Amino acid sequence: MAESCAWLLVLGSVLLCNIVKALLPSVSSFLCRVLQKDAEQETQMRFEIQCMRQELATISMMDEFARYARLERKINKMTDKLKTHVKSRTAQLAKIKWVVNIVFYVLQATLMISLIWKYYADPVTVVPSKWIAPLERLVAFPSGIAGGVGITCWLVVCNKVVALLLQAFG
Amino acid sequence: MEQTEQSMPNVSEEKGNLSASKRRAEIRRRKLLMNSEERMKRITSCNKGDAAGHALNSEQHSEPRVPVQLDKPESLTSSGLSKRLTVYSDEDTKTTAGLTNHQGHLDDFQGTPICDSRNSMGDVLDGNNDSPGELRIRPRSEMSIDGTQRSPRRGLHQYLSRFDEAMNLRTQLINEKPAPESSPGNEELDAFRIFRLMGSVILAVVVRMFVCKYLCIFAPFLTLQLAYMGLYKYFPKGEKKIKTTVLTAALLLSGIPSEVINRSMDTYSKMGDVFTDLCVYFFTFIITHEMLVILGSETPS
């Protein structure tokens, strides 16, 4: 039973990898939201700046210059602070995305290598060799069993079909 | 009488002094009046005239049998000047002054002032050079000079046109949305493509049910591909979006004609389509086979 389900296991792995790959941006943004808890502070700062700007609009520059200048300086200071904050957050976001991508690719590579290792000598499924007559060696690679479908061939086929399906339904 | 005799040379000296001073003053005035742009124009116009004029001068003084020796200073001056002009064209008058100085140096190198060479060319054209042999030789040397000037110009034009093409491609690439890496064939699933895929799926199921006992599974697939080739023209052809990749841009820049690249890309995409069909066909065949085996309706012989 385990042997007969090898093709399904490989197919499932490929499907899973492709789905996770498609969901990677969402995963990274979710992780960012979880890890970056100072987003609220940023929102607060934005709100404050907006309030101060509204206040600035009500002040006459000629009548109350000192107050106007003080408020303007305050707004500038807050804006600079916000800019620095946003910059650092963006850098952190890029770093998180990069780490997530790297982790995913490492995991995918590990999974594929382990699958190939496991089914190196055994075919994922077997059909009568005359059915795939001129190409049986190619299809059976690297197992070398006549009529068998090798892991490489099956991986290639699965990847192509899953990509097509995701393209059609995604 | 002596007084008159003495006074005559004095007057002539004074006149000479006056004329000399006037001339100098005139030159100074002209120099002051001439702004940088005029100077630049003067330099460039002289430079253009200089190419022909200097060549003709050199012809006058040397034999036409050794054109290589004649060409050397010519190429030196023209290339040097053109380089300087291109480098300093956008800069201010300071650099223009530098250019004029450089011009002066070049003139020293040549031994004749730039505009003198032009004048000498004018003299030659006016017919001061009486020997008919010179007149016969001139076009040949001019042609050789033109040839030496044209080939770099042509190359420059070619380079510029390719550069424009590359810039267009770059803008296209920027305007296009970046394709995700996961989907290698990111083309839209048009009607013919869907038809192909569906046909491959149906054929795989049919082959597994009825045909594979008697025939290799790839034979019906090849037949189907032949049928697709025939049916291709009956399907509406959507506007094929020309994919501009970095590879295409690189090939275009390396001098390969765009037609060849388009044909190659077309062939490549067709091969990709056939491969996709084969994958879908084989996948469906194996899935159907496994389903039949699991259901126990049929065991492979």
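Are Trp131(A) and Phe285(B) buried or exposed?

1. Both Trp131(A) and Phe285(B) are buried. Please keep in mind that this is a predicted model.

2. In total, seven aromatic pairs are found over all chains. In one of them, the ring centres of Trp131(A) and Phe285(B) are 5.7 Å apart with the planes at 80°, so this pair is edge-to-face. Trp131(A) sits in the loop between β1 (125-126) and α4 (136-140) of chain A, while Phe285(B) belongs to helix α10 (residues 258-295) of chain B, so the pair joins two chains.

3. Trp154(A) and Phe283(B) form a stacked pair, 5.6 Å centre to centre with 15° between the planes. This pair also joins two chains, because Trp154(A) lies in helix α5 (residues 151-169) of chain A and Phe283(B) in helix α10 of chain B. Trp154(A) is buried at a relative accessible area of 0%, and Phe283(B) is buried at 14%.

4. Within chain B, ring pairs link Phe192(B), Phe195(B), Tyr228(B) and Tyr232(B) into a cluster. Tyr232(B) also has the charged end of Lys270(B) over its ring, 5.5 Å from the centre. In chain A, Lys118(A) lies over the face of Tyr119(A), at 5.4 Å from the ring centre.

5. The unreviewed UniProt entry places "transmembrane region" at residues 201-222, 242-262 and 274-295 of chain B. Residues 274-295 of chain B are 100% helix, with end C-alpha atoms 31 Å apart. Residues 201-222 of chain B are 73% helix and 0% strand, with end C-alpha atoms 14 Å apart.

Conventions: Residues numbered from 1 in each chain as written. Chains lettered and ligands numbered in written order. Predicted model: local features only at pLDDT ≥ 70, side-chain atom pairs only at ≥ 80, totals over all residues. Heavy atoms only, no water. UniProt positions renumbered as here; feature names shortened; annotations may be inferred. Helix = DSSP H or I, 4+ residues; strand = E, 2+ residues; numbered from the N terminus. Phe/Tyr/Trp six-rings, centres within 6.5 Å; stacked < 30°, edge-to-face > 60°. Buried < 20%, exposed > 50% of the residue type's maximum accessible area, 1.4 Å probe, protein only. Lys NZ or Arg CZ within 6 Å of the ring centre and 35° of its normal.
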